[in-house]
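Welcome! Here is a short tour for anyone meeting this structure for the first time. Have a look at the sequence and the model, then follow the notes below.

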Amino acid sequence: MGALAAGSSGIWCSMSSPAVVGLLAHSAADWVALDAQHGEFDRRALLEAGQILSAGGHSFAVRVARVDAGDIGFALDVGASTIVVPLVDTVDDARLAVAAAHYPPAGHRSWGPLAPLWSQEAPGPEQSGTQVAVMVESALALSNVDAVAAVPGVDLLFVGPFDLALSLGTSVDDLLADSDGPLSAVRRAAEGAGIGVAAFAGTPERAHVLRDRGFDCLAVTTDIAVVAAGTETLLARL
């Protein structure tokens, strides 16, 4: 279920270009995540990207801007199989995210998949298979992580190391270097609840460290980094 499987590596997309999204979806990455919090993806861009990815049979994730039923429902309506929800600090936040991501009786998601707009059959409610990933990115979220992980319908804890480091008053590198600190607490909470654990790495180097910390589902790089690295590689061949 969902795009973010154990042992997978993904690309985090901030650029809303349908061409870029399509090319990355055909790359060696296991999944792409469209960033509607800190990226260019407004509703129109999500619709265009969802059409391209769904038509190609690609499973993808969307990070919404906040815990909001409208944002979550729309991201799922365009075809996302995984919803990544930021700013989840409490059990109540997690419950709201889960309810917004599921149709009744499990939640209160409104019916309205957009697949018919691009001549595809709309999946039935029983086919939704939504994966809910809640982000752990604050000191408050960390203090509640065991209870959040235990909320029914939460499938994945997703660490945002940059915001978590800011909230804890440390650096990302120091956060990753702590072998028995916050990251271990998140991993143990996920293991105790029998759910998955993921994180944003951003670079292959940080991805190696996170894998050593027990995080095996990672956003290894970004679309911006891929374009920059490709340009640098090609120019170096001149």
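Val62 sits in strand E3, in a model that is predicted. With a relative accessible area of 0%, Val62 is buried.

**Around Val62**

- Beyond residues up to four places away in sequence, Val62 touches Leu34, Ala36, Leu46, Ala75, Ala80, Thr82, Ile83 and Val84.
- Val62 counts as buried because its relative accessible area, 0%, falls under the 20% cut-off.
- Ala3 is 59 residues from Val62 in sequence, and the two C-alpha atoms are 10.0 Å apart in space.

**Helix H2**

- Helix H2 covers residues 43-55, which makes 13 residues.
- From its first C-alpha to its last, H2 reaches 18 Å, close to the 18 Å expected at 1.5 Å a residue.
- Which residues of H2 are buried? They are Ala45, Leu46, Leu47, Ala49, Gly50 and Leu53.
- At the start of H2, a side-chain oxygen of Asp42 comes to within 3.3 Å of the backbone nitrogen of Arg44.
- After H2 comes Gly57, which has a positive phi near 75°.

- Ser8 is placed in the segment before strand E1 (9-13).
- Is Ser8 buried or exposed? Its relative accessible area is 5%, and Ser8 is buried because that value is under 20%.
- The side chain of Ser8 reaches the backbone oxygen of Ala5 at 2.6 Å.
- Another partner of the Ser8 side chain is the side chain of Trp31, in a polar contact of 2.9 Å.
- Leaving aside neighbours within four places in sequence, Ser8 is in contact with Ala3, Asp30, Trp31, Arg211, Asp216, Cys217 and Leu218.
- Asp30 belongs to the loop between H1 and E2.
- Not counting residues up to four places away in sequence, Asp30 touches Gly7, Ser8 and Ser9.
- Asp30 and Ser81 are 51 residues apart along the chain, and 13 Å separates their C-alpha atoms.

**Backbone details in two loops**

- Leu87 is found in the loop between strand E4 (82-85) and H4.
- Although Leu87 is not a glycine, its phi is positive, at about 60°.
- Leu87 has 45% relative accessibility and counts as partly exposed, because this value lies between 20% and 50%.
- Pro105 lies in the loop between helix H4 (91-101) and E5.
- The peptide bond from Pro104 to Pro105 is cis, and its omega is near 10°.

**The largest cavity**

- How many cavities of 30 Å³ or more are there? The count comes to one.
- The largest cavity has a volume of about 40 Å³.
- Its lining is made up of Val88, Val134, Met135, Val136, Ala141, Val145, Val148 and Leu157.
- Strand E5 (131-136) and helix H6 (145-149) each supply at least two residues of that lining.
- E5 gives the largest share of the lining, with three residues.
- The lining of the largest cavity has eight nonpolar residues, with no polar and no charged ones.

**The second largest pocket**

- The second largest pocket holds about 200 Å³ of space.
- Lining this pocket are Trp12, His38, Arg63, Met135, Glu137, Phe158, Gly160, Pro161, Phe162, Asp163 and Phe200.
- Met135 lines this pocket and also lines the largest cavity.
- Which helix gives the most to the lining of the second largest pocket? Helix H7 (residues 161-168) does, with three residues.
- By class, the lining of the second largest pocket divides into six nonpolar, two polar and three charged residues.

Methods
Residues are numbered from 1 along each chain as its sequence is written. This is a predicted model: local features need pLDDT of at least 70, side-chain atom pairs count only at pLDDT 80 or more; totals for chains, interfaces and linings use all residues. Side-chain values use heavy atoms; hydrogens and water are left out. On a 1 Å grid over the protein atoms alone, a cavity is a set of points where a 1.4 Å probe fits but cannot get out, and a pocket is an open set with protein on both sides within 12 Å along at least five of seven lines; lining residues have an atom within 4 Å of a point. Grid points are joined across faces, edges and corners, and a volume is the space filled by probe spheres set on the points. Helices (H or I, at least four residues) and strands (E, at least two) are DSSP runs, numbered from the N terminus. Ala, Val, Leu, Ile, Met, Phe, Trp, Tyr, Cys and Pro count as nonpolar, Asp, Glu, Lys and Arg as charged, and the others, Gly among them, as polar. The expected span of a helix is 1.5 Å times one less than its number of residues. Buried means under 20% relative accessible area, exposed over 50%, partly exposed in between (1.4 Å probe, protein chains only). A polar contact is a pair of N or O atoms within 3.5 Å; within protein, one must be able to donate a hydrogen and the other to accept it, and residues adjacent in sequence count only if both atoms are side-chain atoms. Contact means heavy atoms within 4.5 Å.
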